[in-house]
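I set out to record what I looked up in this structure, entry by entry. Each entry begins with the item I examined and ends with what I found.

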Amino acid sequence: MITQWSVLSLLRQLTDIGEDEEKVCLGIALSSLERVNSRLKADADRDDVRIAQAGLAYYALCVRRAGSADGIQSFKAGDITVKKSADSSLKFAASVRDGALAELIPLLSDDGFFCCGVEI
């Protein structure tokens, strides 16, 4: 059975998670898993490893981290300068999320599109 712990384990492979962030990350993992489970087809295998995709959780975590940076993008101490751009991190996280969603397509139900013809 796929659990939030499965998602958290995969999330740890994408990014470092400190002890202080673990509880938050577990909540993000659970939320991401619930979002995927709510969109699964009725006949989808609930034990399929693709359900544990950490891409959604990774994106949510990166958005959270970018929001808590207080707008600081660079730090200078003497001759050492450190710059961290939230934009590049979010772009990478978005590509990871999109890849995860692409792998999930066969398992998800699509109820957001309707097409019909009208004869006159």
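## Notebook: charged pairs, helix packing and cysteines

I began with arginine 97, which is partly exposed, with a relative accessible area of 21%. I note here that the model is a predicted one. I then looked for a partner and found that the side chains of arginine 97 and aspartate 98 meet in a salt bridge, at 3.1 Å from N to O. Aspartate 98 is also partly exposed, at a relative accessible area of 42%.

**Entry on the other salt bridges.** How many salt bridges does the structure hold? I counted 4. Side chains of opposite charge can pair when their charged atoms come close. I looked up arginine 12 and found its side chain in a salt bridge with that of glutamate 22, at 3.3 Å from N to O. This pair links distant parts of the chain, since arginine 12 lies in helix 1 and glutamate 22 in helix 2, 10 residues apart. Arginine 12 counts as partly exposed at 37% relative accessibility, and glutamate 22 is partly exposed at 29%.

I next examined arginine 65, which forms a salt bridge with glutamate 21; their closest N and O atoms are 2.8 Å apart. This pair, too, links distant parts of the chain: arginine 65 is in helix 3, glutamate 21 is in the loop between helix 1 and helix 2, and 44 residues separate them. I recorded arginine 65 as partly exposed, with a relative accessible area of 27%.

**Entry on helix 1 and helix 2.** Two packed helices are described by the angle between their axes and the distance between the axes. For helix 1 and helix 2 I noted an angle of about 115° and axes 8 Å apart. Helix 1 passes helix 2 in a right-handed crossing. I listed the residues that meet: Gln4, Trp5, Val7, Leu8, Leu11 and Arg12 in helix 1, with Glu22, Cys25, Leu26, Ala29, Leu30 and Leu33 in helix 2.

**Entry on the cysteines.** A disulfide is a covalent bond between the sulfur atoms of two cysteines. I searched the whole structure and found 0 disulfides. Cysteine 25 is in none; its nearest cysteine sulfur belongs to cysteine 62. Cysteine 25 is buried, with a relative accessible area of 0%, and cysteine 62 is buried at 9%.

**Entry on valine 96.** I located valine 96 in helix 4, which covers residues 86–104. Is valine 96 buried or exposed? I found valine 96 buried, because its relative accessible area of 19% is under the 20% cut-off. Leaving aside residues up to four places away in sequence, valine 96 touches Leu14, Gly55 and Tyr58. I also looked up valine 96 and tyrosine 59: they are 37 residues apart in sequence, and 7.5 Å apart in space from C-alpha to C-alpha.

Notes:
Residues are numbered from 1 along each chain as its sequence is written. This is a predicted model: local features need pLDDT of at least 70, side-chain atom pairs count only at pLDDT 80 or more; totals for chains, interfaces and linings use all residues. Side-chain values use heavy atoms; hydrogens and water are left out. Helices (H or I, at least four residues) and strands (E, at least two) are DSSP runs, numbered from the N terminus. Buried means under 20% relative accessible area, exposed over 50%, partly exposed in between (1.4 Å probe, protein chains only). Contact means heavy atoms within 4.5 Å. A disulfide is a pair of cysteine sulfur atoms within 2.5 Å. Axes are lines fitted to C-alpha atoms, for helices over the stretch in contact, and angles run from 0 to 180 degrees between N-to-C directions. A crossing is left-handed if the near helix is turned anticlockwise from the far one by less than a right angle, and right-handed if clockwise.
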